[in-house]
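Reader: I am new to this one. Please show it to me, and then I will ask about it piece by piece.

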Amino acid sequence: MAQLTFSDLEYSRRKKQTRREKFLGEMNRLVPWEKWVAAIEPYYPQGLRGRPPVGLEKMLRMYLLQEWFHLSAAAVEETIYDSYAMRTFMGVDFLESGVPDASTLLKFRRMLEKKGLHQQFWVELRHRLAQSNQILRPGTMIDPALVHVVTSTENGGKKLHHDPNQQPEVVQLEMQ
């Protein structure tokens, strides 16, 4: 068993379990991990060339997070770094490993789609959910963005208008 980090200890003392944690806990229970990993294994790289492969179950979990939360590959990578619940679901311990990068997830996703495994998984998951009287309604996680607006004066007051020719400006804040 892995040693608890200060972050794990601090997080264990909170008083409320989030909706995301509850959702991920239920999905962790419903997904037949061993069966799905075994279905992917014949197609998964064995690490004979290039970088060593990331653990297959870790990649499957990352793929499912991407699907459930409608995230891009880059966004799911960032979200795992940012969310304790998602990091725990993935089994990522920063003392031992990192989060698979977006390009690795993209290759994994393409492999699942090419072999048709993603469709088999969704059929089985919907069936398991139906057995427990549930349906899956995927959610979204959207980062806020600052949008450039143009001001105009009508009747002595200021009004803000979105400038459609201006691309949204993304501002990233750095924590010191």
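Reader: What is the relative accessible area of Ser-103?
Author: First, a note: this is a predicted model, where local features need pLDDT of at least 70, side-chain atom pairs count only at pLDDT 80 or more, and totals for chains, interfaces and linings use all residues. Residues are numbered from 1 along each chain as its sequence is written, and side-chain values use heavy atoms, leaving out hydrogens and water. Buried means under 20% relative accessible area, exposed means over 50%, and partly exposed lies in between (1.4 Å probe, protein chains only). Ser-103 counts as partly exposed because its relative accessible area is 38%.

Reader: How far apart in space are Ser-103 and Glu-77?
Author: Ser-103 lies in helix 7. In sequence, Ser-103 and Glu-77 are 26 residues apart. From C-alpha to C-alpha, their separation in space is 9.9 Å.

Reader: In what order do the elements of the protein chain run?
Author: Helices (H or I, at least four residues) and strands (E, at least two) are DSSP runs, numbered from the N terminus. The protein chain has eight helices and two strands. Starting at the N terminus, the order is α-α-α-α-α-α-α-α-β-β.

Reader: What share of the residues of the protein chain counts as buried?
Author: Start with the surface, computed by the Shrake-Rupley method with a 1.4 Å probe; for residues, only the protein chains shown count as cover. The accessible surface of the protein chain is about 13000 Å², and carbon and sulfur atoms hold 52% of it. The chain has 176 residues, and the buried share is 32%.

Reader: Among contacts between residues at least 6 apart in sequence, what share joins residues at least 24 apart?
Author: Contact means heavy atoms within 4.5 Å. In the protein chain, the share asked for is 64%.

Reader: Which residues of helix 4 are buried?
Author: Helix 4 is mostly covered, with eleven of its 13 residues buried. These are Leu-56, Lys-58, Met-59, Leu-60, Arg-61, Met-62, Tyr-63, Leu-64, Leu-65, Gln-66 and Trp-68.

Reader: Which helices do the buried residues of helix 4 pack against?
Author: Helix 4 is followed by His-70, with a positive phi near 50°. The packing partners are helix 2 (19–30), helix 3, helix 5, helix 6, helix 7 and helix 8 (117–131).

Reader: How far apart are the end C-alpha atoms of helix 4?
Author: The expected span of a helix is 1.5 Å times one less than its number of residues. Helix 4 has 13 residues, so it should span 18 Å. The model agrees, with the end C-alpha atoms apart by 18 Å.

Reader: Which helices do the buried residues of helix 8 pack against?
Author: Helix 8 has 15 residues and reaches 21 Å from first C-alpha to last, close to the expected 21 Å. Its buried residues include Leu-117, Phe-121 and Trp-122. Just after helix 8, Asn-133 takes a positive phi of about 55°. The buried residues of helix 8 pack against helix 2, helix 3, helix 4 and helix 7.

Reader: Which residue's side chain makes a polar contact with the side chain of Ser-83?
Author: Ser-83 is in the loop between helix 5 (73–82) and helix 6 (84–90), and it counts as buried because its relative accessibility is 6%. A polar contact is a pair of N or O atoms within 3.5 Å; within protein, one must be able to donate a hydrogen and the other to accept it, and residues adjacent in sequence count only if both atoms are side-chain atoms. The side chain of Ser-83 reaches the backbone nitrogen of Met-86 at 3.1 Å. Its side-chain partner, also at 3.1 Å, is Arg-20.

Reader: How many aromatic pairs does the structure hold?
Author: Rings of Phe, Tyr and Trp (its six-membered ring) pair if their centres lie within 6.5 Å; planes under 30 degrees apart count as stacked, over 60 as edge-to-face and the rest as tilted. The number of aromatic pairs is eight.

Reader: How many residues apart are Trp-33 and Phe-89?
Author: Trp-33 and Phe-89 form an edge-to-face pair, 5.9 Å centre to centre with 65° between the planes. The pair links distant parts of the chain: Trp-33 is in helix 3 (residues 33–40) and Phe-89 in helix 6, with a separation in residues of 56.

Reader: Which aromatic cluster holds Phe-89?
Author: Trp-33 is buried, with a relative accessible area of 9%. Phe-89 is buried too, at 7%. The cluster is Phe-23, Trp-33, Trp-68, Phe-69 and Phe-89.

Reader: The charged end of Arg-61 sits over the ring of which residue?
Author: A charge sits over a ring if NZ of Lys or CZ of Arg is within 6 Å of the ring centre and within 35 degrees of the ring normal. The charged end of Arg-20 sits over the ring of Phe-69, 5.8 Å from its centre. For Arg-61, at 4.8 Å from the ring centre, the residue is Phe-89.
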